[in-house]
Amino acid sequence: MFSFCADPDALGTFRWFSCYLTNGVHMSFYLSFVKVLVLLAVTAPVALSFGFAGAMAARSHVFPVSWLGKGYIAIVRGVPDIAFFLFFVIALDQGFEWMRHQILCPDWDAPIRQGNDFLVCSNAKLPLGSAPQWVHQTYSFFLAVITFSIVFGAFAANVLYGGMRAVPHAQLETAEAYGMSRRQTFWRVLVPQMWVYALPGLSNLWLVLIKATPLLFLLGIEDIVYWARELGGTKTSRFTDYPHPDWRMWYFLFLLVFYLGFTRVSEIVLEKLMVRLSHGQATTGGEALRKQVTA
Amino acid sequence: MKKLILTTAALALSAGMAMADTVRMGTEGAYPPYNFINDAGEVDGFEREVGDELCTRAGLTCEWVKNDWDSIIPNLVSGNYDTIIAGMSITPERDEVIDFTQDYFPPAASAYVAASADADIEDVVAAQTATLQAGFVADSGATLVEFATPEETIAAVRNGEASAVFADKDFLVPIVEESNGELMFVGEDVALGSGIGVGVRESDGELKGKLDEAITSMKADGSLTALIKKWFGEGAVTYGEDGSVVTN
């Protein structure tokens, strides 16, 4: 990075660290922070929409749809995350490849499962075997987003379902008395009011999601915990220009600060959101706001 | 329209051919000198050089992929990459699940490292999960503590959780040398396994054949021996021209 980095052994402490902290592996470490933040930014809205769909399905008056919604919530919430992550991602990946195999290679006669091996024709591989490494990484990132969204969507569905039921029934009856259809009542009366009931549960989920990102490594994505472990490990002078003893404690301490800072910022934002949503609501929070204005 | 279909078919075919030539090489990247991540963030080490040379000789385009040791075999059989080249010794247990090429590194010595010369290697011994060494410790009557990464096995000895660590000697040598006398070899070296080979899927006979051929040619012209000496020192066990193991 800097011109004086050619011979790190001869450098003073400050310059040594400025070289060490800007070498190639550290860039990968910093990049992994971006990865985690992007994952959160993409997963949160997707999981919320999964949750919303799940909650709507669970409330449906059509029985198969309602069973589907309730089944989704119950099954995903019941299965341990780690089992879900290990099993589901491989199954999803193999499912995609199996479908592509059926479409793209109809005249392939060898069995797909040979003992332990899962074999599809090379055209059906996802991503293609010849694709550059970044395509593979993007693909596993995409699998990670889907998996996280399904898991957290189920929890969000349960929270939203509860939020929808918490809206005072009198509100819905009044809407009906005004002649609103079921759909109008849902979108104009129920949905705008339910967020304030759902937000405490959703904010919990968000914080759990932040802490669940190290599960990424199970999916083959090199996340911040992987790099902290890799970079902090003992390095001997034969294999690096920057030998150092076991520094994992410092790297993990840095992660601790990062996670704590991130949750603190989230709390502040969520608190503001809560105030915003409470305006004009028939809750204690809304009541307090009303008194502030009149006083 | 016909032309379009023909060109598409031709494209698909040529793409298929190009694909068959790209081989994804799975490694752990945490076991110097066999494989590690260098300062630039790339896979480096003895196996990187051997792997690249094998690919050149076999006419393959190769791409390196990092994977955790724990899940390195499951990800091979499910097709996430095509070879394992990660210091994996050939054992009958692994051979039931995957196939190995011939060895590209002779059976290596494993050794005990402890924080004091009088450490009891029958007591609590650390080893990496799912390795030959872990199996050996379990059979030796000592209490085995397993860790996911090699780094953690060393840390366990430093902080007293284990009285010794048992691992490949070539991995331990640089660590002992730079520990300022805090760590030392104890007990006798143990020869384990039947050499290190490239792991491939059992159904991938063609790739196995190509790699075997390339390894044979590297053994015959002495280039494999040169690489072993470069990464493991002059005293390392190498190969003769006929592929036999030579002690130096």
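Trainee: Leaving aside neighbours within four places in sequence, with which residues is B:Val165 in contact?

Mentor: Two residues are in contact if their C-beta atoms, placed from the backbone, lie within 7 Å. By that rule, and apart from its neighbours within four places in sequence, B:Val165 is in contact with B:Val113, B:Val125, B:Ala126, B:Ala127, B:Thr153, B:Ile154, B:Ala156 and B:Val157. Please note that this is a predicted model, in which local features need pLDDT of at least 70 and side-chain atom pairs count only at pLDDT 80 or more, while totals for chains, interfaces and linings use all residues. Residues are numbered from 1 along each chain as its sequence is written, and chains are lettered from A and ligands numbered from 1 in the order in which they are written.

Trainee: Which residues touch the most other members of the largest nonpolar core?

Mentor: In soluble globular proteins, nonpolar side chains tend to be buried together. A nonpolar core is a set of buried Ala, Val, Leu, Ile, Met, Phe, Trp, Tyr and Cys residues joined through C-beta atoms within 7 Å. A residue is buried if 20 or more other C-beta atoms lie within 10 Å of its own, exposed if 12 or fewer, and partly exposed in between, the C-beta atoms being placed from the backbone. Here the largest core has 64 residues, and B:Val113, B:Val125, B:Ala127, B:Val157, B:Ala164, B:Val165 and B:Phe166 touch the most other members. Helix α8 (residues 205-220) of chain B contributes the most to this core, namely five residues. At least three residues come from each of domain 1 (2-107 + 194-241) and domain 2 (109-191) of chain B. A second, separate core of 32 residues includes A:Ile73, A:Val76, A:Phe148 and A:Ala154.

Trainee: How many residues does each domain of chain B give to the contact between them?

Mentor: Domain bounds come from an automatic or database domain assignment. The centres of domain 1 and domain 2 of chain B, taken over C-alpha atoms, are 28 Å apart. Eleven residues of domain 1 and twelve residues of domain 2 of chain B take part in the contact.

Trainee: Why is β1(B) described as largely enclosed?

Mentor: Helices (H or I, at least four residues) and strands (E, at least two) are DSSP runs, numbered from the N terminus. Five of the six residues of β1(B) are buried, so the rest of the structure largely encloses this strand. Two strands pair if DSSP finds at least two bridges between them. β1(B) runs parallel to strand β5 (residues 61-66) of chain B, joined by six bridges, and B:Thr27 has B:Lys66 as its bridge partner in β5(B). With strand β6 (residues 83-84) of chain B, β1(B) pairs in the parallel sense over two bridges.

Trainee: In what order do the strands of the open sheet lie?

Mentor: The order is β2-β3-β4 (chain B), with antiparallel pairing. The edge strands, β2 and β4 (43-44) of chain B, each pair on one side only.

Trainee: How many residues of each chain are in contact with the other chain?

Mentor: There are 30 residues of chain B in contact with 34 residues of chain A. On the side of chain B that touches chain A, α1(B) supplies the largest share, four residues.

Trainee: What covers the buried residues of α8(A)?

Mentor: The cover includes α2 (24-59) and α9 (248-278) of chain A, together with β2 (30-31) and β3 of chain B. Among the buried residues of helix α8 (residues 224-232) of chain A are A:Trp227 and A:Leu231.
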